[in-house]
Amino acid sequence: MRRRLSQVQQTHDTTIYVSEPRMADSGSEEAAVIENPEVAPEEVQQDIGGTGDGSSLLKKMEISVSEAEKRTGKNTMNMQETYTVYLIETRSVEALNEGQSPAPDTLWRRYSEFELLRNYLLVTYSYIVVPPLPEKRAEFVWHKLSADNMDPDFVERRRIGLENFLLRISAHSVLSKDNIFYLFLTQENGWKDVVYDTGFQAKADSRLKALNATFRVKNPEKRFTELKHYSDELQSVISHLLRVRARVADRLYGVYKVHGNYGRVFSEWSAIEKEMGDGLQSAGHHMDAYAASVDDILEEEEHYADQLKEYLFYSEALRAVCRKHELLQYELEVTALDLVSKKQQREELATGTVRTFSLKGMTSKLFGQETPEQREAKLKVLEEQITEGEEFVKSKTLECEEYVQNSWIDIERFKEQKNQDLKEALISYAVMQISMCKKGIQVWTNAKECFSKM
Amino acid sequence: MRFAALVGCNSLHPISMENESLSSASTPRCNPALNSPDFSRHMLELDEDDDLEVFSKDATFTDASSINTSLPTSPGSMINQYRFEEEHDSKDLFITVGDPESHVTAIETFITYRIVTKTTRSEFDSCEYEVRRRYQDFLWLKGKLEEAHPTLIIHPLPEKFIMKGMVERFNDDFIETRRKALHKFLNRIADHPILSSNEDFKVFLTAQAWELTSHKKQGPGLLSKMGETVKAVAASVRGIKQRPEEFVAMNDYVESFGQKIGMMDKITQRIIKEQREYLEEMKECGPVYTLWSASEEELVDILKGMAGCIDNCCKATEEQVGDLSEGLLPVLHEYVLCAETLKAVLRRRDNIQAEYESKSYTLANKKADRDVLKDEIEQLEDKMEYANKMLKVDWERWRKNMQSDLKLAFFDIAEKNVAYYEKCLAIWETFLTTEKPELVLEKDTEDYSQK
């Protein structure tokens with residue numbers, strides 16, 4: 001079942017295209033629904049990145065992840081493996097607007113390539129809250145759903161998630177301009193090499209380094225500390241919600257399905273009754289319908305869970321931005337401290353006083369003072385180092401400030417997006433509940449009719 | 001067929017035998033085994049007869065509780081009056097069971113229920129009675145009624161204990177369910193044309209505690225009761241030659257019905273269990289949304305709204321589970337017990353037939369006092385025919401009751417389910433109107449266009 005990704009706002013130039021796998025022209029039908037001329041440009045502008053000019057490279061391009069296929073091949077350890085690939089289709093928006101219907105350009109990508117793309121973006125745009133990928137493995141499942149990655153329902157939901165991922169990037173004013181992203185969509189072979197060639201992996205901060213910074217940083221910006229707390233809370237609360245939801249789904253399934261037994265017994269029972277027979281038989285049919293209705297209900301609910309999951313993973317992206325800030329701040333602090341200590345050393349050397357304990361100081365005391373020439377040499381080195389240090393501190397400070405500024409812009413953008421998306425998700429949940437109630441009313445009203453005629 | 005009612009009777013009103021007729025439209029007779037009820041109000045098409053005067057308002061012809069094996073006088077007449085008996089709008093015996101009270105003695109703890117009877121029937125000295133009875137008393141009453149009318153279908157008593165899922169015998173829900181079942185039991189008897197005239201029934205409704213105790217002590221002693229049981233067992237062992245077709249059909253029906261209703265009972269119990277577990281999980285949802293709202297700014301209201309909706313739906317669900325377990329389940333359970341009752345009735349009927357057949361066999365094959373035997377056989381034959389006829393008529397009555405009871409119970413639960421979903425619908429629609437009014441308007445037009 002394909003779903004329109006209502007929460008991914010469209011720029012007025014990029015259309016969101018969800019297609020059926022190479023069947024009838026259902027694609028065009030969907031596209032027609034979405035190319036909604038009533039969507040005001042201003043309304044749509046707000047969730048574009050901070051630059052606000054909506055001039056993403058991909059405003060010319062229509063993107064979709066339309067199919068999934070199983071492949072087998074040899075992996076890096078030369079072992080046979082089965083994996084899924086996804087078909088990415090791109091089309092020129094201009095051509096479509098002019099009424100043409102050119103065949104889309106296509107290529108196949110597997111999940112690990114999406115991961116590579118994302119890792120690249122994370123490193124290269126560390127100040128951006130990078131959209132998350134759909135989960136690698138099925139989690140928070142309730143019993144009927146399979147936790148198997150090869151399960152067709154899982155694959156389908158992943159396909160939608162991957163499309164969502166690409167659309168979010170293409171809607172982002174900064175990320176959408178990235179060349180590697182463009183190549184991801186257009187160049188099937190050799191793309192991986194291009195990515196590796198950028199050397200982004202070397203630029204990645206080691207986990208250890210980041211952790212160290214988190215513990216030792218003294219003055220992170222208050223906003224980031226708060227943001228980190230928020231992301232922790234968001235993660236915790238959404239995880240909890242997803243767990244509870246899975247259990248509730250399980251139970252609801254049970255309640256509905258057991259009613260199916262009523263259907264069976266009514267049917268058998270009606271065979272031995274004269275006057276009641278017809279009433280029982282038809283009531284039985286309604287019980288069967290009731291039991292069957294839960295499948296659709298829970299499939300809709302799964303969509304709601306996916307929306308929550310996206311934001312669960314977004315909380316990780318938020319934390320990544322906070323960590324980068326802590327790292328930069330920490331490096332700045334370390335550099336500044338270093339500068340201070342060097343300046344102290346210079347002072348000591350210049351005035352001859354030993355303020356801090358140093359081996360040099362002790363040895364000079366023990367073994368005699370240095371010669372004035374030696375001292376001069378040392379001072380000179382220190383001066384150079386201090387000048388260097390001051391430059392370093394300046395640039396680090398600038399880097400920090402720039403980072404704070406840029407990241408905060410994207411964080412604000414993210415907040416807006418999050419509020420809007422989650423609000424939509426909650427509202428669609430309510431709509432789902434309403435539909436479920438209406439179905440229930442209908443079934444039981446029908447059953448009531450049958451009983452009254454018994 | 002001769003009517004010989006007088007075997008074993010101690011004291012009887014002299015009855016004129018002159019106007020006996022053999023047709024089905026015969027006059028009712030004083031029937032010691034039935035404790036001489038007043039049938040006058042049930043007679044519609046019966047001839048005016050001198051014998052009618054035999055039936056005075058005095059209901060104390062004999063204490064016939066000691067005589068259980070004697071024949072009723074005229075099966076035909078009994079059937080007649082029974083057949084013409086409809087569920088009268090002119091109900092004149094109202095019974096309520098209520099006010100359970102716990103009694104603690106040195107030996108045991110038990111519960112008594114207050115039975116209030118209001119009646120305009122003439123055989124009752126007063127028009128209002130109030131007594132207290134315990135479950136054991138109900139059991140006694142049921143036993144007496146079964147003895148007196150082996151092939152009438154008596155509504156079942158609630159079970160002694162319910163093993164599954166019951167921890168405390170005197171738990172409130174258990175007591176209430178039992179009270180309702182006892183109420184139904186007595187009312188079903190009150191509505192039954194024959195059973196309601198039973199002497200033991202009257203004593204049950206009217207006697208003070210000590211009176212009841214002494215009344216219970218009367219009646220056939222343990223030995224004679226045992227004798228009856230032995231006879232019955234022997235009869236069932238002997239078996240019957242051939243069951244009449246209509247009873248074969250009845251047997252088959254009861255088997256199937258028992259099975260189906262048993263399944264319905266199990267399914268309903270399972271639904272209640274699943275629904276309860278669903279409710280437990282659901283209850284955890286609301287608090288999570290509330291917790292989340294504490295971290296948010298712009299989303300605070302909508303999240304709190306969600307929490308509120310879910311909590312309200314939980315309340316509605318709680319009610320719905322209650323409706324199931326207090327409305328539908330007890331009725332289904334009663335009919336599970338009914339199936340057992342029916343099986344027992346059919347067995348008893350078979351036994352009566354077996355008794356008759358075995359005596360006939362004796363006559364045919366053994367050298368015994370033929371005359372005495374012949375008399376006995378005729379009595380047994382009459383007894384059998386009477387039992388069969390009673391069962392057939394009561395069967396129809398039971399079927400009608402069953403249909404109306406179950407139809408009502410199912411209808412009721414369907415209605416309650418509709419109400420439940422309507423409640424939840426209202427809860428979510430209110431939420432939607434506050435959060436996204438345009439959507440609600442849009443949906444309304446959608447609904448219209450789909451019509």
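Predicted model: local features only at pLDDT ≥ 70, side-chain atom pairs only at ≥ 80, totals over all residues.

Colleague: Let's begin with chain A. What makes up its secondary structure?

Modeller: Chain A comes to 13 helices and 3 strands. Of its 454 residues, 49% count as buried.

Colleague: Why is A:S239 called buried?

Modeller: Buried means under 20% relative accessible area. A:S239 has 14%, so it is buried. This serine is found in helix α10 of chain A, which covers residues 222-270.

Colleague: And what is A:S239 in contact with, leaving aside its neighbours within four places in sequence?

Modeller: With those set aside, A:S239 is in contact with A:F140 and A:L312.

Colleague: Why does A:Q385 count as partly exposed?

Modeller: The label partly exposed lies between the two cut-offs, under 20% for buried and over 50% for exposed. A:Q385 has 33% relative accessibility, so it counts as partly exposed. It lies in helix α13 of chain A.

Colleague: How far apart are the C-alpha atoms of A:Q385 and A:E81?

Modeller: They are separated by 56 Å, and the two residues are 304 apart along the chain.

Colleague: Now the charged pairs. How do you know that A:E326 forms a salt bridge with A:K228?

Modeller: The rule asks for a side-chain nitrogen of Lys or Arg within 4 Å of a carboxyl oxygen of Asp or Glu. For A:E326 and A:K228 the closest N and O atoms are 3.2 Å apart, so the pair meets the rule. The pair links distant parts of the chain, with A:E326 in helix α11 and A:K228 in helix α10 of chain A, 98 residues apart. A:E326 is also buried, with a relative accessible area of 6%.

Colleague: What about A:K343 and A:E390: which helices does that pair link?

Modeller: A:K343 is in helix α11 and A:E390 in helix α13 of chain A, 47 residues apart. Their closest N and O atoms are 3.1 Å apart, so they too form a salt bridge under the 4 Å rule. A:K343 is partly exposed, with a relative accessible area of 31%, and A:E390 is partly exposed, with 34%.

Colleague: How are A:D410 and A:R413 placed along helix α13 of chain A?

Modeller: Being 3 residues apart in that helix, A:D410 and A:R413 are separated by about one helical turn. Their closest N and O atoms are 2.7 Å apart, and they form a salt bridge. With the buried limit set at under 20%, A:D410 counts as buried at 3%, and A:R413 counts as buried at 7%.

Colleague: Which residues are linked in a network of salt bridges?

Modeller: A:D205, A:K209, A:K324, A:E331, A:K396 and A:E399 are linked in one. Over all chains, the count comes to 64 salt bridges.

Colleague: Let's turn to where the chains meet. How many residues does the contact take from chain A and chain B?

Modeller: The contact takes 56 residues from chain A and 55 residues from chain B. Between them the chains bury about 5500 Å², 74% of it on carbon and sulfur atoms. A:R251, A:Y262 and A:W269 supply 11% of the area that chain A buries against chain B, more than any other three residues.

Colleague: What makes B:E281 and A:R247 a salt bridge?

Modeller: Their side chains meet at 2.7 Å, N to O, and the limit is 4 Å, so the pair qualifies. The count between chain A and chain B is 9 salt bridges. The rule for polar contacts finds 17 residue pairs across this interface.

Colleague: Which elements give two or more residues to the side of chain A that touches chain B?

Modeller: They are α10, α11 and α13 of chain A. The largest share, 24 residues, comes from α10(A). By class, that side has 34 nonpolar, 9 polar and 13 charged residues.

Colleague: Finally, what does the domain assignment of chain B give?

Modeller: It gives domain 1 (18-212) and domain 2 (242-451). The contact takes 29 residues from domain 1 of chain B and 29 residues from domain 2 of chain B. Across their interface the rule finds 3 salt bridges. The side chains of B:K184 and B:D405 meet in a salt bridge at 3.4 Å, N to O, which is within the 4 Å limit.

How values were computed. Residues numbered from 1 in each chain as written. Chains lettered and ligands numbered in written order. Heavy atoms only, no water. Domains from an automatic or database assignment. Contact = heavy atoms within 4.5 Å. Helix = DSSP H or I, 4+ residues; strand = E, 2+ residues; numbered from the N terminus. Buried < 20%, exposed > 50% of the residue type's maximum accessible area, 1.4 Å probe, protein only. Buried area = accessible area lost by both parts, 1.4 Å probe. Polar contact = N/O pair within 3.5 Å; in protein donor to acceptor, adjacent residues only side chain to side chain. Nonpolar A, V, L, I, M, F, W, Y, C, P; charged D, E, K, R; others polar.
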